[in-house]
Amino acid sequence: MSEQRARRTPLYEIHVAAGARMVPFAGWEMPIQYGGVVEEHRAVRTRAGLFDVSHMGEVRIEGPAALAALQRLLTNDVSRLAVGAGLYSPMCNPTGGIVDDLIVFRVDDDAYMMVVNASRSAADLSWIREHAAEAAVHDISDEVALLALQGPRAEAILSEASGADYSRMQPFQIASGFRVAGAEVTVARTGYTGEDGFEISAPWGEAAAVWEGLFAAAGPGGLTPVGLGARDTLRLESGMMLYGQDIDETTSPLEAPLSWTVSFDKETFVGREALVEQRRRGISRRLVGIEAEERAIPRHGAPILGGEARIGSVTSGTFSPTLRRPIAMGYVQREWATGKELEVEVRGRRVPARVVRLPFYKRKGR
């Protein structure tokens with residue numbers, strides 16, 4: 001049986017024309033880089049970068065029972081959202097493992113939109129429909145393209161492209177009715193890079209016009225197309241987790257650490273009992289930041305060593321273009337989770353390292 005062909009976003013031809021190297025990712029054919037990962041990374045940190053994230057899933061939940069359904073599905077407290085606001089939350093299974101981490105926006109009185117990870121879209125949709133049967137659940141992933149405009153100049157570029165003022169839009173706010181290159185778009189002040197920026201939803205068939213409109217507004221050299229390679233280094237510097245590597249159904253929000261996203265004040269949500277018990281008992285491991293003292297890069301799966309014992313494993317690792325040193329995240333036994341000297345095995349060699357506070361990088365003004 002032949003393998004199923006990877007899907008393509010509406011910007012595929014633009015990526016190819018721009019010289020992007022395309023790779024399979026979560027069932028999609030996506031650009032991993034254009035000119036180079038480091039160049040694209042630094043463009044986002046110093047100017048602005050534009051990402052195609054149309055592979056992400058979007059699910060709309062509507063009706064009088066929508067809020068109750070989301071309160072049961074998510075660990076965070078959705079009831080505190082005003083119309084036009086969003087929040088980040090894990091969605092857990094009964095044992096407290098993370099089914100996915102996502103952002104949910106309240107877009108109307110009884111209407112919400114969830115943006116979920118591409119690798120989890122199908123599983124999430126099934127899970128949501130199973131646990132939100134009383135609400136109307138619509139998969140709109142094939143209708144909506146998503147672009148992420150990130151970096152210090154993101155606000156200025158988007159204002160120029162749309163003729164609107166975003167200076168009062170707060171992080172995790174969302175608003176509709178803007179136009180870019182003739183297309184009506186929805187704008188949220190969110191991102192996955194640690195920089196200021198926006199995620200722009202557009203009709204699937206008008207995504208190319210929006211992409212080109214943003215480049216036109218930025219002017220020559222003002223905006224850089226960015227692939228998945230730099231997206232990964234940017235999010236890791238900023239201490240943001242990648243589903244399937246740093247978190248999954250075997251990890252809990254208390255271990256991740258995402259305890260701030262768990263509202264124990266809610267009477268019930270899927271996984272609450274398990275998380276209450278874990279909080280009472282105490283976690284046995286914790287996700288931490290690690291800096292290697294040499295230029296050797298700890299990669300996913302590398303053993304973390306305390307003395308002669310293996311005390312954990314690396315989940316994500318890279319060479320930080322901003323900090324110019326190797327960084328990683330990984331789970332370690334609880335007693336090793338704060339300020340400890342340890343070692344990481346890299347290609348069979350023990351490399352000195354230390355536990356550091358996350359995030360590795362924090363932009364000025366945050």
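Predicted model: local features only at pLDDT ≥ 70, side-chain atom pairs only at ≥ 80, totals over all residues.
Q: Which residues are the closest to the centre of the largest pocket, and what is its volume?
A: The largest pocket is lined by 40 residues, and among these the closest to its centre are Y88, F172, G191, M240 and W260. The space in this largest pocket has a volume of about 1200 Å³.

Q: Which strand gives the largest share of the lining of the largest pocket?
A: Strand 5 (86–92), strand 6 (98–108), strand 7 (111–116) and strand 12 (197–203) each supply at least two residues of that lining. The largest share amounts to four residues, and these come from strand 6.

Q: How many residues of the lining of the largest pocket are charged?
A: When the lining of the largest pocket is divided by class, 20 of its residues are nonpolar and nine are polar. The remaining class in that division, the charged residues, numbers eleven.

Q: Which helix supplies the largest share of the lining of the second largest pocket?
A: The second largest pocket holds about 370 Å³ of space, and of the 18 residues that line this pocket, the closest to its centre are L228, G229, D232, L242 and Q245. Strand 1 (21–25), helix 7 (228–237) and strand 16 (309–320) each supply at least two residues of the lining. The largest share is seven residues, and the element that supplies them is helix 7.

Q: How many charged residues are in the lining of the second largest pocket?
A: The lining of the second largest pocket divides into seven nonpolar and seven polar residues, together with a charged class. The number of residues in that charged class is four.

Q: Which strand gives the most to the lining of the largest cavity?
A: The structure holds two cavities of 30 Å³ or more, and the largest cavity has a volume of about 60 Å³. Its lining includes F105, M113, L146, I174 and E199, while strand 7, strand 11 (183–188) and strand 12 each supply at least two of the lining residues. With three residues, the strand that gives the most is strand 11.

Q: What is the volume of the second largest cavity, and which residues line this cavity?
A: By class, the lining of the second largest cavity has four nonpolar, two polar and two charged residues. About 40 Å³ of space lies in this cavity, and the residues that line it are F51, V53, A148, Q150, Y192, T193, E199 and R231.

Q: Which residue in the turn between strand 1 and strand 2 has a positive phi?
A: Strand 1 and strand 2 (residues 28–33) run antiparallel and are joined by five bridges, with F25 having W28 as its bridge partner in strand 2. The two strands form a hairpin with two residues between them. In that turn, the residue with a positive phi, of about 50°, is A26.

Q: Which residue has a positive phi in the turn between strand 15 and strand 16?
A: Strand 15 (residues 303–306) pairs with strand 16 in the antiparallel sense over four bridges, and P303 stands opposite S313 in strand 16. The hairpin formed by these strands has two residues between them. The residue in the turn that has a positive phi, of about 70°, is G307.

Q: Which residue takes a positive phi in the hairpin of strand 16 and strand 17?
A: Strand 16 also pairs with strand 17 (residues 325–333), in the antiparallel sense and over eight bridges, and the bridge partner of S316 in strand 17 is M329. There are four residues between the strands of this hairpin. The residue that takes a positive phi, near 60°, is R324.

Conventions: Residues numbered from 1 in each chain as written. Heavy atoms only, no water. 1 Å grid on protein atoms, 1.4 Å probe; cavity = no way out; pocket = protein on both sides within 12 Å on 5 of 7 lines; lining within 4 Å. Points joined across faces, edges and corners; volume = space filled by probe spheres on them. Nonpolar A, V, L, I, M, F, W, Y, C, P; charged D, E, K, R; others polar. Pairing = 2+ DSSP bridges.
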